[in-house]
Amino acid sequence: SIRHKNLFDFVEVVPEKDALIYSQHLRNSINNYISCNIDFGLEQGGTRKEVSDLLLSTKGQVSDAIFERKKHLKRLLQTAESLRLAKYEVSQLYVAGPSEGVDDYRNEVDSLTAGIDRMEAELAFNNSGYRQEINRRTISSQRISRLIPADAAVIEYVLIDYLRPGFSGATPRYIAAIITAKDEPVIVDLGDAYKINPLIDDYRKELLRVAKLEHLPTTLDLTAYKKISESLFQKVFAPIKKYLSDTKLIFVAPDGGLNLVSFAGLLDDENKYLIEEYAIQYLSSARDLIRLKEESTVGKGLFAIGDPDYDATALNRLAELDNSENASAENVQYASTRNVRSGCSDFTKTIVSSLPGTRTEVEQIGLNWQKSNTEPATLCFGSNASEERFKAKAPGNRIIHLATHGYFLEGACVPKT
């Protein structure tokens, strides 16, 4: 608990990389603590509550804290802008490499990096909104239980490194915390990840195989899926199900490979899909329930992009923004780097064709919106349908619609070593 508190104090005033380094020390302590409790049993009520509180308050905590810090950067625009430009200069130096002396090059990089660290620390230290956000993050199973309906349960999956006494090294292991509105929290040890992850791989491979078929799935395809789905169910949900009596809604917060699983489509012992028994909502962690309760502001309006000009220059893209200062030479140079193609050869060969049909699509959506809403609609086409416009205008809208290309190059662009 001391390291946990120290992390939140630490993350307020240090650069991101230092917060991540410190968080690993905390993760090691958590793994030690949970491993000991697994060895000595998780049946005692006090132990269950302590472990569940620990899991809820630490899973994804650093990324959450960094996200909250960045969310409030607008209050410190001048420092944030200096930070952005410093990072751009560093990236340019890395791309260009040393032109003359290596020592001069290293000194320049070190100087800029030190400046970046100083500005990140300044942003964190002075950002009172960020600190207030952290102060509200006192998470416990009791607090979560008060936020969910009487017929609901939260299932928090966590992938830990299990440290076996007398053995060197760690074994990845899945555990789950189950929180309901009426009962004490329960901790379930699901076993080694080495036994569960291969089942997840088989599950994903089967779904991809069926997706590539040029016909509807056959009875044989369904039989193959059922076999894989049932095996995965037995490992990751069957040990939990007995604690879900009278439960109709489950909030699932997966971790590790379980992020790739659609729990709704798993088959149980009675050959029924879980979606037939429960309404299922997904969370990144149970802390999302607190965030959703606090951040209840509803956006207004429609923001839609269609028929983008993929060859638009940085100058044209920035000129479309309302603030003419965006088109300064410095900002144009920075934005130009966004047009540089990926170093991935597969993606470099990709031809990005225009999508004229999406203009009609977005225009029709805009017309339908105006017929049924009094809220404003922002429709962007051509060079106006840019990344810069999206970042500037999309936040705060109730509906965001993007009609553009999408690419998923699975495993094809692994960095070369």
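## A chat about this structure

Reader: Hi! Where is the place of glutamate 184?

Author: Hello! Glutamate 184 sits in the loop between β2 and β3. Helices (H or I, at least four residues) and strands (E, at least two) are DSSP runs, numbered from the N terminus.

Reader: Good to know. What kind of model am I looking at?

Author: This is a predicted model, where local features need pLDDT of at least 70 and side-chain atom pairs count only at pLDDT 80 or more, while totals for chains, interfaces and linings use all residues. Residues are numbered from 1 along each chain as its sequence is written, and side-chain values use heavy atoms, with hydrogens and water left out.

Reader: Back to glutamate 184, then. Is it buried or exposed?

Author: Glutamate 184 counts as exposed, at 52% relative accessibility. Buried means under 20% relative accessible area, exposed over 50%, and partly exposed in between (1.4 Å probe, protein chains only). In space, glutamate 184 is 8.4 Å from glutamine 142, C-alpha to C-alpha, although the two are 42 residues apart in sequence.

Reader: And the whole protein: how many helices and strands does it have?

Author: There are 17 helices and eight strands. The protein has 417 residues, and buried residues make up 41% of them.

Reader: What share of the contacts comes from residues 24 or more positions apart?

Author: Counting the contacts with a separation of 6 or more, residues 24 or more positions apart account for 72%. Contact means heavy atoms within 4.5 Å.

Reader: Let's look at helices. How do the axes of α9 and α10 cross?

Author: Helix α9 covers residues 193-211 and helix α10 covers residues 219-236; their axes come within 10 Å and cross at roughly 155 degrees. That makes α9 roughly antiparallel to α10. Axes are lines fitted to C-alpha atoms, for helices over the stretch in contact, with angles from 0 to 180 degrees between N-to-C directions. Angles under 35 degrees count as roughly parallel, over 145 as roughly antiparallel, 65 to 115 as roughly perpendicular and the rest as oblique.

Reader: Which residues of α9 and α10 make the contact?

Author: From α9 they include Ile196, Leu199, Tyr203 and Arg209, and from α10 they include Ala224, Tyr225, Ile228 and Leu232. By class, this contact has 10 nonpolar, one polar and six charged residues. Here Ala, Val, Leu, Ile, Met, Phe, Trp, Tyr, Cys and Pro count as nonpolar, Asp, Glu, Lys and Arg as charged, and the others, Gly among them, as polar.

Reader: I also clicked on asparagine 197. What is it in contact with, leaving aside neighbours within four places in sequence?

Author: With those neighbours left aside, asparagine 197 is in contact with Tyr174 and Gly257. Asparagine 197 lies in helix α9 and is partly exposed, with a relative accessible area of 26%. Its C-alpha is 8.2 Å from that of leucine 258, 61 residues away in sequence.

Reader: New topic! In the largest nonpolar core, which residues touch the most other members?

Author: They are Tyr157, Phe237, Leu244, Ile250, Phe263 and Leu266, out of 32 residues in that core. The elements giving two or more residues to this core are β1 (152-162), β2 (171-180), β3 (186-192), α9, α10 and β4 (249-253). A nonpolar core is a set of buried Ala, Val, Leu, Ile, Met, Phe, Trp, Tyr and Cys residues joined through side-chain atoms within 4.5 Å.

Reader: Tell me about isoleucine 179. Where is it found?

Author: Isoleucine 179 is in strand β2 and is buried, with a relative accessible area of 2%. Leaving aside its neighbours within four places in sequence, isoleucine 179 has contacts including Leu56, Ile144, Ile148 and Pro185. Phenylalanine 251 is 72 residues away along the chain, and the two C-alpha atoms are separated by 9.6 Å.

Reader: Last one: what is phi for aspartate 246 and for aspartate 307?

Author: Phi is near 65 degrees for aspartate 246 and about 45 degrees for aspartate 307. Most residues other than glycine have a negative phi. Aspartate 246 lies in the loop between α11 (238-241) and β4 and is exposed, at 60% relative accessible area. Aspartate 307, in strand β6 (residues 302-308), is buried, at 14%.
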